[in-house]
Amino acid sequence: MAPEGDQRSGLQPYLDSLRQELQAPNATLLSVLLALLAVALTLLVWKLIQGRKSSRRTVLLVGLCDSGKTLLFVRLLTGTYRNTQTSITDSSAVYRVSNDKGSSVTLVDLPGHESLRLQFLEKFKATARAIVFVVDSVAFQREVKDVAEFLYQVLTDCTVLKNTLPLLIACNKQDITMAKSAKLIQQQLEKELNTLRVTRSAAPSTLDGSASSGTAQLGKKGKEFDFSQLPMKVELVECSARGSKAEEGSADIEDLEKWLARIA
């Protein structure tokens, strides 16, 4: 058997090496700890974002007067036809979407009158989960400037942009022969919005030199505007609140219902 002193001297190099490892910063362990910290922070931020999103449960129906918002609202909730009239206040109701989760949202029908629509948008935009912008596909050609003006105000609203609210342009009244297609409506809206952007950017600034309160630049500077430049997803569908047989038939709103199921 080797003397005890010899055994200790033989282990000494290993003990010295272990002592150095314990005393020196461990780069591998530090990297793992930093990675775990990054993951934890990412999960925390994600939970905060999801929490804010889950607290926003309203879907706003907006658009000009007589675009068919209220009838779409009624059809979604009851499936039946009802004569409607121009609204001067909002209407809201819980709508259960058709998806596996059994989710629900609160539909809010906002007045379309020019003197009311922005103040009601201001009231509800912070709690909105998404926006349905309803367009009268039959009257679109003569209303395109007014439609684009209101849509411009929605798309440049800082709250709408910050929350990246999904936006659906519902091209309503497709049961009528003279209705314009979703493709044509998209092309003309993008063209008109681009014109508005150029006009607004060339307008004199406010007295204090600041931009209009609560609004932002539309699209990418130096490029012709199209919806793909926006931070939120913009989609278009064709629909009909009246249906092919008017009040006697079912509404053609399947694509709208599918979109609501996706965003709920």
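Which residue forms a salt bridge with Glu-149? In this predicted model, the partner is Arg-200, and the closest N and O atoms are 2.4 Å apart. The pair links distant parts of the chain, with Arg-200 in helix H7 and Glu-149 in helix H5, 51 residues apart. Arg-200 is partly exposed at a relative accessible area of 35%, and Glu-149 is also partly exposed, at 25%.

The structure holds eight salt bridges. Another of them joins the side chains of Lys-145 and Glu-192, at 3.2 Å from N to O. Lys-145 belongs to helix H5 (residues 140-155) and Glu-192 to helix H7 (residues 182-202), so this pair ties together parts that are 47 residues apart in sequence. Lys-145 is exposed, with 56% relative accessibility, whereas Glu-192 is buried, with 15%.

A further salt bridge stays within one helix. Glu-254 pairs with Lys-258, the closest N and O atoms being 3.3 Å apart. Both residues lie in helix H8 (residues 254-263), four residues apart, or about one turn of the helix. Glu-254 is partly exposed at 47% relative accessibility, and Lys-258 is partly exposed at 46%.

Other charges form a patch instead. Asp-175, Glu-238, Asp-252 and Asp-255 make up a negative surface patch. Of these, Glu-238 sits in strand S6 (residues 234-238). Glu-238 is partly exposed, with a relative accessible area of 36%; patch members must have over 30% and no salt bridge.

Conventions
Residues are numbered from 1 along each chain as its sequence is written. This is a predicted model: local features need pLDDT of at least 70, side-chain atom pairs count only at pLDDT 80 or more; totals for chains, interfaces and linings use all residues. Side-chain values use heavy atoms; hydrogens and water are left out. Patches are made of residues with over 30% relative accessible area and no salt bridge: like charges are joined within 9 Å, nonpolar side chains (Val, Leu, Ile, Met, Phe, Trp, Tyr) within 5 Å. Accessible areas come from the Shrake-Rupley method with a 1.4 Å probe; for residues, only the protein chains shown count as cover. A salt bridge is a side-chain nitrogen of Lys or Arg within 4 Å of a carboxyl oxygen of Asp or Glu. Lys and Arg count as positive and Asp and Glu as negative; His and the chain ends are not counted. The place of a charge is taken as NZ of Lys, CZ of Arg, CG of Asp or CD of Glu. Helices (H or I, at least four residues) and strands (E, at least two) are DSSP runs, numbered from the N terminus. Buried means under 20% relative accessible area, exposed over 50%, partly exposed in between (1.4 Å probe, protein chains only).
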